[in-house]
Amino acid sequence: MANNNKNDLLAVLQLLRKYNLKGTEDILRREAQLTDIPDTVPGDSDVSSVLAAYKSEGDPEIYETSFLALRNFVAESLDIYKHELAMILYPVLVHMYLELVYNNHEEQAKRLMEKFGPEQEYYYQEDLRRLAMVTKRDQMSGNDLTDTFKSNEFIIRISRDTLSLLKRHLQEKKQSVIMNIVNEHLYFDLYEGVARNKTQCDATAGALTGEAKRQDNKIKVYYGLLKEPDFQSLTAPPEEDDDLDPDAPDKPKKKKAKKDPLLSKKSKSDPNAPPADRMPLPELRDIDKLEKIKALREASKRVNLGPDSLPSVCFYTLLNSAHSVTCAEIAEDSSLLAVGFAESIVRVWSLTPGKLREMKPAEQLKDIDRDADDVLVRMMDDRTAETCRTFHGHSGPVYRCAFSLDRSMMLSCSEDATIRLWSLHTWTCVVVYKGHQFPVWDVRFSPHGHYFVTGSHDKTARLWATDSHQPLRIFIGHLADVDCVQFHPNSNYIATGSSDRTVRLWDCVSGNHVRLMTGHKAPIYALAFSMCGRFLASGAADHRVHIWDLAHGHLIAAFTTHTSTIHSLCFSRDGTILASGSLDCTLNLWDFTKLCEDISGENVNVSHNPDVRDGEQYLLRSFPTKSSPFLTLHFTRRNLLLAVGMYDSG
């Protein structure tokens with residue numbers, strides 16, 4: 001057994017003894033064949049040195065000169081290797097600082113940080129500022145940032161030539177301090193080929209612990225869409241047809257369906273779609289079928305968008321609410337608007353002439369003919385009709401609302417760490433879901449109903465079913481808040497955006513993460529899947545919109561014209577246009593069709609480092625508002641763009 005491995009085992013045994021876990025200790029001894037070792041494990045000092053992440057290199061003064069030498073080596077390297085080599089400067093500086101703090105060399109640590117901190121990349125400055133507050137060893141334990149660096153390797157994608165150049169330099173110059181850090185705390189994801197240039201390195205840099213390993217994006221993702229039900233067999237009942245076409249009440253339904261190319265179209269199977277039974281989805285009820293047909297009929301009147309026919313935009317402004325409104329959400333069929341407030345309430349407005357009615361009391365309900373086709377209408381009490389209703393129940397600001405597909409329910413999540421399910425028939429709270437320990441930032445319904453997903457300050461995302469109090473899956477892997485979540489259109493996957501500056505894609509069935517995408521330089525606050533399911537757009541506090549290809553996990557385009565945080569993204573219903581709304585009070589429309597055409601000719605597998613397209617050429621139009629930052633965007637079924645924002649007079 002290698003000596004350091006043996007020491008590690010002894011340290012673990014010592015720890016088990018310390019906490020009196022005799023059974024576990026015996027099993028470990030037997031498995032490691034350490035039965036011949038006496039009960040007296042080497043003294044505590046040995047053990048703590050094994051458990052300590054940072055060993056002292058003795059002289060604290062050599063750290064500064066070592067880092068200076070490394071920085072000069074990078075600066076003097078050939079241009080072809082320089083940019084990849086420069087990526088190791090930041091993690092080496094961080095671990096040098098932590099090593100000095102751990103070994104109580106406070107002065108030298110401060111000096112090192114003051115001298116070299118400001119010259120690191122702009123997107124690391126916030127982390128360095130937080131790190132500089134840790135100046136004593138006892139402040140390190142339990143500190144989120146130091147724990148993250150201590151227990152996670154910093155990942156750098158690097159060409160074989162660049163790495164051998166670095167190793168040769170460290171050996172020749174006997175840079176033992178840096179050598180130790182490189183061996184213990186950095187992970188090099190090697191690839192064969194030409195080293196990356198500055199733009200390629202910049203494109204994927206910026207996450208808390210470096211880039212994604214290529215291994216992270218190898219698993220197959222079924223990004224295709226599920227087969228739609230056969231609408232020919234779902235055609236609406238005659239009453240519905242009569243309503244739609246009063247001039248021809250006697251026409252047979254079959255003909256009508258044939259006339260309507262939408263209903264007779266057979267939906268083709270997508271080769272990239274998951275097997276239909278991979279994720280158990282709820283059965284379609286009659287009301288859902290009617291809703292789908294209604295949606296199809298509306299879609300047939302859809303305006304086809306493109307560079308020459310941009311969508312009309314309807315902007316709802318919330319007045320006198322600049323510091324109290326926290327979120328807004330529009331229902332899938334554009335009939336309802338929910339707004340969450342800092343005062344813990346949620347308000348729901350009707351956006352159509354139809355008012356919000358309450359269900360009749362129980363004694364009146366039993367007189368209703370249950371077989372009547374309009375039973376749902378008869379159940380509602382006209383005397384209670386209002387244009388706006390308010391929900392009370394949360395005990396902290398409400399951060400997100402989400403409507404169910406049939407608009408019978410609504411979810412809301414809050415700082416109080418709970419998620420509430422509200423009935424839009426009785427206008428009461430039906431369930432309170434508890435599981436997260438900290439504020440819940442985002443909640444989204446699955447496109448197929450029944451499931452929903454949440455993201456929280458506790459660094460986890462969770463998958464729930466409306467009929468279960470406990471989460472079905474807990475997705476663990478992010479190193480900071482999960483700020484936004486989004487279901488894939490086929491409900492098999494969930495995307496999450498985090499303050500650790502990564503976007504991840506999780507498989508609902510296995511619970512594993514199947515894509516890890518780095519490149520944002522600040523927390524990510526908005527996500528949207530393309531209509532085809534293959535692409536994911538993300539918007540962040542770095543003012544950028546990134547487009548990712550889920551087939552390989554590559555970043556394919558970065559749109560950079562916004563000048564403030566992006567909080568809302570939305571694809572048009574035909575998938576041709578991406579809309580982004582920002583706190584800079586502008587709405588940008590991007591030509592997504594053109595982007596897809598441009599990349600379709602490329603073979604992404606050939607190159608490890610595809611070039612990232614600049615967004616400038618895809619910007620179709622920018623709409624400024626007077627002084628209203630955007631809260632949410634929503635395309636109606638006919639491709640009218642609805643936006644919600646609050647007027648900020650300040």
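**Local geometry, packing and cysteines in the predicted model**

S344 is buried, its relative accessible area being 15% (buried means under 20%, exposed over 50% and partly exposed in between, with a 1.4 Å probe and protein chains only). The structure is a predicted model, in which local features need pLDDT of at least 70 and side-chain atom pairs count only at pLDDT 80 or more, whereas totals for chains, interfaces and linings use all residues. Residues are numbered from 1 along each chain as its sequence is written, and side-chain values use heavy atoms, with hydrogens and water left out.

Although S344 is not a glycine, its phi is positive, at about 75°. This residue lies in the loop that joins β5 (336–341) to β6 (346–350), where strands (E, at least two residues) and helices (H or I, at least four) are DSSP runs numbered from the N terminus. A second residue of this kind is A417, which is likewise not a glycine and has a positive phi of about 70°. A417 is placed in the loop between β11 (409–414) and β12 (418–423), and with a relative accessibility of 11% it counts as buried.

Among the helices, α4 (residues 62–76) and α5 (residues 79–86) have axes that come within 7 Å of each other and cross at roughly 145° (axes are lines fitted to C-alpha atoms, for helices over the stretch in contact, and angles run from 0 to 180 degrees between N-to-C directions). On the α4 side F73, V74 and A75 take part, and they meet K82, L85 and A86 of α5, contact being defined as heavy atoms within 4.5 Å. Sorted by class, this contact of α4 with α5 has five nonpolar residues, no polar residues and one charged residue (Ala, Val, Leu, Ile, Met, Phe, Trp, Tyr, Cys and Pro count as nonpolar, Asp, Glu, Lys and Arg as charged, and the others, Gly among them, as polar).

In helix α8 (residues 125–132), the buried residues are D127, L128 and L131. They lie on the same side of α8 because they cover an arc of only 100° around the axis, the arc being that of the directions from the helix axis to the C-beta atoms. The cover over these buried residues of α8 includes α6 (89–102), α7 (106–116) and α10 (144–151).

An open sheet of three strands shows mixed pairing and has the order β3-β32-β31, where two strands pair if DSSP finds at least two bridges between them. Its edge strands, each of which pairs on one side only, are β3 (313–318) and β31 (630–635). On average, neighbouring strands of this sheet are turned by 15° against each other, with direction ignored. The pairing of β31 with β32 (residues 641–646) is antiparallel and extends over five bridges, and T632 stands opposite V644 in β32.

The structure holds zero disulfides, a disulfide being a pair of cysteine sulfur atoms within 2.5 Å. For C327, the closest cysteine sulfur is that of C401, at 4.1 Å, which is too far for a bond. C327 is buried, with a relative accessible area of 3%, and C585 is also buried, with a value of 14%. C596, by contrast, counts as partly exposed at 23% relative accessibility, and its place is in helix α20 (residues 592–600). The C-alpha atom of C596 is separated by 9.4 Å from that of T576, and these two residues are 20 residues apart along the chain.
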